[in-house]
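Here is a short report for a first look at this structure. Keep the sequence at hand while reading.

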Amino acid sequence: MAQMPALIPKEVEIQRLKKIWLIVIAMGSTAASVEVDNFVDGSLHQTSIRDSAFTPAHWWLYSHFVALPLGWGAVAIYDRRVPILRGPNNSMNTGLKMTILGYLATMFTIGVNEMWHFWFVEEIFAVPNHWMFNMGVVVAFMGALAYVVRVYARLVELGAETPGENPYVAEMYKMALEGKLYSRSIP
Amino acid sequence: MTLPKGFGSGGAGGTGSADVERMIGRRVENMTGLITISYIAAWLATFGGTAAGYYYYPWAYPTPSGHYAFIVLTIVEAIGYLFSVKVSEEGSTKKSNGLVGVTLGGTAIGTVLISLFVGN
């Protein structure tokens with residue numbers, strides 16, 4: 001793997017990348033706890049139909065659609081201290097941009113969702129009020145994968161994490177470091 | 001190496017270890033206490049959230065559901081806590097297995113007791 005140029009001392013970069021990594025673990029824990037709960041317990045998010053338009057238990061689910069855009073925003077603020085994570089023209093990292101935009105979309109969909117459920121109580125994944133949730137989350141996941149892999153790949157390159165043994169995984173890390181995990185033209 | 005404004009010796013020499021320490025600030029391996037307090041706060045907030053559900057909205061969120069959710073949430077949060085401490089201390093000489101064990105054990109026992117004795 002080609003060594004990327006270092007603009008800050010290696011030890012500083014490792015510490016900063018790990019701080020980003022810790023924020024990502026905290027957000028992952030938040031998202032997993034909220035979403036896993038909704039799968040295991042039907043009373044939290046009725047599987048196919050609500051018992052009423054007003055369902056306080058849904059607030060639990062909504063909380064992470066507010067926490068995640070704010071958390072990724074915090075990552076974006078701290079991210080500026082790590083030169084390797086800069087995006088095109090020294091802007092925000094493209095993966096991070098996608099993640100924040102995706103979760104912002106889900107955050108604003110909470111209102112749409114509540115208004116829709118005032119009249120219709122079905123909780124089918126494909127009903128129109130859920131479209132922006134679904135699309136937002138998918139866009140956010142794509143961006144987050146590109147960003148998180150890039151952070152991890154840099155930690156591997158700096159010797160702070162163990163490299164992947166699978167050559168396909170190693171190739172993915174290499175592409176991520178070059179900012180080409182998804183596109184060769186948009187870094 | 002070019003350092004940010006305010007760091008380094010202004011061209012008189014290289015990067016000193018004091019500059020590196022200033023740029024790092026608090027090291028991740030010294031954040032175990034902060035992570036532990038955050039985990040306990042998250043666990044208490046989880047209890048508060050589920051309790052608000054079964055005390056104020058029992059028609060939407062019955063107590064057994066609240067306890068079930070509380071147990072699952074605690075497990076997921078505990079995994080996140082363990083990962084956070086392990087990531088922050090890997091590669092250093094710090095070892096906080098005792099603290100992690102006591103914290104996880106304490107919240108596990110607390111979760112069982114709350115599920116047995118608290119509810120609507």
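A:Asn90 sits in the loop between α2 and α3 of chain A. Helices here are DSSP runs (H or I, at least four residues), numbered from the N terminus, while strands are E runs of at least two. A:Asn89 lies in that loop too, between α2 (57–79) and α3 (94–119) of chain A. This is a predicted model: local features need pLDDT of at least 70, side-chain atom pairs count only at pLDDT 80 or more, and totals for chains, interfaces and linings use all residues. Residues are numbered from 1 along each chain as its sequence is written, and chains are lettered from A and ligands numbered from 1 in the order in which they are written.

Most residues other than glycine have a negative phi.

| Residue | Phi | C-beta atoms within 10 Å |
|---|---|---|
| A:Asn89 | about 55° | 6 other C-beta atoms |
| A:Asn90 | about 60° | 8 C-beta neighbours |

A:Asn89 is exposed, and A:Asn90 counts as exposed as well.

Now chain B. Its mean pLDDT (the predictor's confidence in each residue, from 0 to 100) is 87, and 88% of its residues reach 70 or more. Confidence in chain B is lowest in helix α1 (residues 17–24), at a mean of 83, and highest in helix α4 (residues 97–117), at 96. For the complex, the predictor gives an ipTM of 0.79 and a pTM of 0.82.

α4(B) has 21 residues. Its first and last C-alpha atoms are 30 Å apart, close to the 30 Å expected at 1.5 Å a residue. That expected span is 1.5 Å times one less than the number of residues. Which residues of α4(B) are buried? They are B:Val100, B:Thr103, B:Thr107 and B:Thr111. Seen down the helix axis, the buried residues of α4(B) fall within an arc of 70°, so they line one face. The arc is that of the directions from the helix axis to the C-beta atoms. These buried residues pack against α2 and α3 of chain B. The face turned away carries exposed residues, including B:Asn97, B:Ile109 and B:Phe117.

Notes: Buried ≥ 20, exposed ≤ 12 C-beta atoms within 10 Å, placed from the backbone. Contact = placed C-beta atoms within 7 Å.
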